[in-house]
Amino acid sequence: MRRRPGLSARMKLALSYAGFLFVAGALLLAMVWAFLLRYVPDNSQGLLGISPNRYLLVHTFAPAAAVAMAFLLVFGLVGGWLLAGRMLAPLTRITEAARTAGKGSLSHRIRMEGRQDEFRELSDAFDSMLEQLESHVAEQQRFAANASHELRTPLAISRALLDLARQDPAQDRAAIIERLHTVNTRAIDLTEALLLLSRGERGTFTRESVDLSLLAEEAAETLLPLAEQRRITLDVTGGTAVTCGSAELLLRMVTNLVQNAIVHNLPADGTVTVHTGAYGDTSVLRVENTGRPLPPDLLPTLTEPFQRGTERVRTDEHAGVGLGLAIVHSVVRAHDGTLGLSPRPTGGLVVTVRLPAAP
C-alpha cells in the first residue's frame with residue numbers, strides 16, 4: 001500500500017516529549033509570575049526606596065525565563081529523541097523480523113531478552129506466529145509432495161498398461177481393462193478424499209442438528225460385511241450424542257474411524273467398539289479396537305496425510321489412500337472439537353472425538 005511520507009514515530013514521540021516539557025516549564029513560570037510579582041509594588045522607587053519594584057523584576061526575570069524556555073525546548077527535543085529511540089528499539093527488531101519473514105525466511109526468531117513488557121509480549125507473540133506458520137508451510141509442502149506422488153502413481157500405472165496394450169495386442173484386454181478400472185477407481189477415491197479434506201479445512205458447510213449415535217449405527221451397518229469378512233466383532237453402544245454440524249462430513253468422519261478400526265485390527269477374532277454419549281455440554285464419540293501394540297512416537301503422525309499406520313505398504317483393497325485420520329482430524333477441527341488418540345495397553349487404539357453439544 002502506497003502512503004504519503006510523514007513523520008516517524010520516533011520524531012513524533014520526541015516532539016511530544018519536548019512539547020510537554022515546554023508547556024510544563026511555561027506553566028511553572030506563569031505560576032511564579034502570578035504568585036510572586038503580585039506582591040511586589042509597582043512604582044518607580046520600589047518599597048521605601050530600597051526594595052526592587054515590579055518593573056525591575058520583570059526586566060531582569062524575562063530574559064532569564066526566555067533562556068530557560070529555550071533550554072527546555074532544546075533539552076526536550078534531544079532527550080525525547082534519545083528516549084524515543086531507546087523505547088522503540090524493540091519495535092525496530094520486530095519490524096526487521098517481519099520484513100525477513102515477508103521475504104520467505106520463516107526460521108528467523110526475535111527472541112527478545114529482558115523483563116516482560118508490551119514489546120516483549122508482542123515479540124513472543126510474533127515468534128509464536130512464525131513458528132506456527134513455519135510448521136503449517138512445512139506441513140503443506142509435505143502434503144503437496146505426497147499428494148503429487150500419490151496422484152502420479154495411478155497415472156503412471158495407467159500409462160504403463162496402455163503402452164502394454166498398444167505394443168502387445170495379444171495381451172488379455174479384459175484383464176488390462178479390469179486393472180485400469182481398479183487404478184482409475186483408486187485415483188478417483190484419492191481425488192474425492194483430497195476435496196473432502198479441503199472442504200473440512202475451509203469449514204464451508206451448513207450446520208444442522210446431528211445425532212452421533214445414529215451416524216455410528218449407520219456406519220456400523222455399512223461396514224458390517226467388511227467386519228464379518230475379517231471375523232471382527234463390531235458393537236455400537238451408548239446413547240444419544242447430539243451436536244451441530246454437517247451430517248455428511250460427520251458421517252464420513254465416523255465411517256473413516258470405524259473402517260480404520262476394522263482394517264487395522266487383529267488378523268481374526270478382533271473387536272471394534274463404538275460408543276457415543278453426552279457429557280454436559282460435550283458430545284463424545286469413542287472408537288476402540290484391538291490390534292498390534294502401537295509405539296507412542298507413532299501417534300502424533302497418524303493424523304498427518306498419507307500416513308497408514310506403521311507402514312505405507314498397501315496390503316489389500318481396503319488400505320485406503322492414507323487420508324482417513326487426516327480427514328477425521330480436519331472434520332473435527334472444522335466442528336470446533338478435539339481429537340484424542342491413545343494406545344491400548346494390550347494393543348490397538350482408542351480414538352475419542354469430543355464435539356460441542358447442540359443447544
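Colleague: Hi! Are α5 and α6 parallel or oblique to each other?

Modeller: Hello! This is a predicted model, and in it the axes of α5 and α6 cross at roughly 40°. The two helices are therefore oblique to each other.

Colleague: Where do those helices sit, and within what distance do their axes come?

Modeller: Helix α5 covers residues 212-229 and helix α6 covers residues 247-263. Their axes come within 9 Å.

Colleague: Is the crossing left-handed or right-handed?

Modeller: The crossing of α5 and α6 is right-handed.

Colleague: And which residues meet there?

Modeller: From α5 you have L212, L215, A216, E218, A219, L223, L226 and A227. On the α6 side they meet A247, L250, L251, V254, T255, V258, Q259, I262 and V263. Sorted by class, that contact has 14 nonpolar, 2 polar and 1 charged residues.

Colleague: Why does the spacing of three or four places keep turning up in helices?

Modeller: An α-helix has 3.6 residues a turn, so residues three or four places apart point the same way.

Colleague: Nice. Let me step back, then. How many helices and strands are in the chain?

Modeller: The chain has 7 helices and 7 strands. Going along the sequence, the pattern reads α-α-α-α-β-α-β-β-α-β-β-α-β-β.

Colleague: What share of the residues is buried?

Modeller: Of the 359 residues in the chain, 33% count as buried.

Colleague: And the contacts, how many of them join residues at least 24 apart?

Modeller: Taking contacts between residues at least 6 apart in sequence, 69% join residues at least 24 apart.

Colleague: Changing topic: how many salt bridges does the structure hold?

Modeller: There are 3 salt bridges. One of them joins the side chains of E113 and R93, at 3.6 Å from N to O. E113 is in the loop between α2 and α3, while R93 is in helix α2, and the two are 20 residues apart.

Colleague: Is E113 buried or exposed?

Modeller: E113 counts as exposed, because its relative accessibility is 54%.

Colleague: What does E134 pair with?

Modeller: E134 forms a salt bridge with R109, and their closest N and O atoms are 2.7 Å apart. This pair also links distant parts of the chain, with E134 in helix α3 and R109 in the loop between α2 and α3, 25 residues apart. E134 is partly exposed at 32% relative accessibility, whereas R109 is buried with a relative accessible area of 13%.

Colleague: And which residue does R344 bridge to?

Modeller: R344 pairs with E288, with the closest N and O atoms 2.8 Å apart. E288 is partly exposed, at a relative accessible area of 28%.

Colleague: Back to helices. How many residues of α7 are buried?

Modeller: Helix α7 spans residues 324-334 and is mostly covered, with 8 of its 11 residues buried. The buried ones are L325, A326, I327, V328, S330, V331, V332 and A334.

Colleague: What comes just after α7?

Modeller: Just after α7 there is D336, with a positive phi of about 60°, although D336 is not a glycine. D336 lies in the loop between α7 and β6 and is exposed, with a relative accessible area of 57%.

Colleague: Last one: is V353 buried or exposed?

Modeller: V353 is in strand β7 and counts as buried, because its relative accessibility is 0%.

Colleague: Which residues is V353 in contact with?

Modeller: Leaving aside neighbours within four places in sequence, V353 is in contact with M253, L257, S283, V284, L285, V332, T338 and L339. V332 is also one of the buried residues of α7. As for V287, its C-alpha atom is separated from that of V353 by 8.6 Å, with the two residues 66 apart along the chain.

Methods:
Residues numbered from 1 in each chain as written. Predicted model: local features only at pLDDT ≥ 70, side-chain atom pairs only at ≥ 80, totals over all residues. Heavy atoms only, no water. Axes fitted to C-alpha atoms, helices over the stretch in contact; angles between N-to-C directions. Helix = DSSP H or I, 4+ residues; strand = E, 2+ residues; numbered from the N terminus. Parallel < 35°, antiparallel > 145°, perpendicular 65-115°, else oblique. Left-handed = near helix turned anticlockwise from the far one by under 90°. Contact = heavy atoms within 4.5 Å. Nonpolar A, V, L, I, M, F, W, Y, C, P; charged D, E, K, R; others polar. Salt bridge = Lys/Arg side-chain N within 4 Å of Asp/Glu carboxyl O. Buried < 20%, exposed > 50% of the residue type's maximum accessible area, 1.4 Å probe, protein only.
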